[in-house]
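My entries follow in the order I made them.

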Amino acid sequence: MAKKDRHFRSRNFDFAAPFYDLSMWFAGLFFGGELRFREAIIKEAAPLKGMAALEIFSGTATVSLMAAKEGASVTALDISKGMLRVAGEKARKQKISIERVRGDSVSLPFHDGTFDRVFASFGLHEIPVPMAAATIKESQRVLKKGGRLVILDFHRASGMAGFLQNLLFLFVEGKEARAWTSTDIQGLLRKTGFRGFNRTFLLKGALQLISVYKH
């Protein structure tokens, strides 16, 4: 994805930011509730108290705020100024302190070994696989040794779940989502230097929750 294309997507997300949480809540009605998937990320990343955590593709920082409530020191990173603005409003309303950083996932503006946890939820499928690979490599770089990367994203489903997923990809998601679900994610993570691959399938195999650690 060219830089100008990423900026175009950023402007689209800026426009959608005020309605993002409502749209996610509405979509979650069809999948048993959005928050239960976010809660699965937090559970997989535990313990979080005293940990330095980074959420990439943070959007309005729902996961960041949940992690902060668990005692983590959290940075929410997104390419969209609009999303980060809404994230700040949510943090103020909830009286929770998080750091917000505008940045690109393929070139994280942090030193090596800064974080104990990195979260990536519903973002990797939105970018081309080479960019997803670069993002995973950057996540590995900014993690401390033994630090954990937790991913929640699409997995290729079958049966009725696969049919509904194909409809979603046809009308909402793009070709990047199809490419993501056809990628050997375990091999990519191992090649990047992650170990301890643990995967749980959710929503009848339409989603995958992955946890790995930096060796």
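Predicted model: local features only at pLDDT ≥ 70, side-chain atom pairs only at ≥ 80, totals over all residues.

I began with β6 and β7, which pair in the antiparallel sense over seven bridges. Helices (H or I, at least four residues) and strands (E, at least two) are DSSP runs numbered from the N terminus, and two strands pair if DSSP finds at least two bridges between them. Phenylalanine 201 has glutamine 208 in β7 as its bridge partner. Four residues lie between the strands of this hairpin, and leucine 203 takes a positive phi near 55 degrees there.

Residues are numbered from 1 along each chain as its sequence is written, and side-chain values use heavy atoms, with hydrogens and water left out.

I counted eight helices and seven strands in the protein. Of its 215 residues, 51% are buried; buried means under 20% relative accessible area, exposed over 50%, and partly exposed in between (1.4 Å probe, protein chains only). I also looked up contacts (heavy atoms within 4.5 Å). Among those between residues at least 6 apart in sequence, 70% join residues at least 24 apart.

In what order do the seven strands of the open sheet run? I read β3-β2-β1-β4-β5-β7-β6, with mixed pairing. The edges are β3 (99–102) and β6 (194–202); each has a single partner strand, so one side of each is left without a neighbour in the sheet. Neighbouring strands are turned by 15 degrees against each other on average, direction ignored; axes are lines fitted to C-alpha atoms, for helices over the stretch in contact, and angles run from 0 to 180 degrees between N-to-C directions. Leucine 77 stands opposite valine 101 in β3. Helix α8 (residues 185–192) lies across β5, β6 and β7 (207–214) and runs at about 155 degrees to β6.

The largest nonpolar core has 57 residues, of which Leu54, Ile98, Phe119 and Leu189 touch the most other members. Strand β5 (residues 143–154) gives the most to this core, with six residues. By definition, a nonpolar core is a set of buried Ala, Val, Leu, Ile, Met, Phe, Trp, Tyr and Cys residues joined through side-chain atoms within 4.5 Å. I checked isoleucine 98: leaving out residues up to four places away in sequence, it touches Ala61, Ser64, Leu65, Ala68, Val74, Ala76 and Ala91.

Next I took isoleucine 151, which is found in strand β5. Its relative accessible area is 0%, so isoleucine 151 is buried. With residues up to four places away in sequence not counted, the contacts of isoleucine 151 include Trp180, Leu189 and Gln208.

I checked the length of α6 (residues 159–171). The buried residues of α6 are Ala161, Gly162, Gln165 and Phe169. Seen down the axis, they fall within an arc of 95 degrees, so they line one face of the helix; the arc is that of the directions from the helix axis to the C-beta atoms. The face turned away carries the exposed residues Met160, Leu170 and Phe171. What covers the buried side includes β5 and α7.

In α7 (residues 175–181) I looked at threonine 181. Threonine 181 counts as buried because its relative accessibility is 13%. Phe169 is among the residues that threonine 181 touches, not counting those up to four places away in sequence.

Most residues other than glycine have a negative phi, and most peptide bonds are trans. I found a cis peptide bond joining alanine 46 and proline 47, with omega about 0 degrees. Proline 47 is in the loop between α2 (34–45) and β1 (52–56). Phenylalanine 57 has a positive phi near 55 degrees and lies in the loop between β1 and α3 (62–69). Phenylalanine 122 also has a positive phi, about 50 degrees, and sits in the loop between β4 (115–121) and α5 (129–142). Phenylalanine 122 is buried, at a relative accessible area of 18%.
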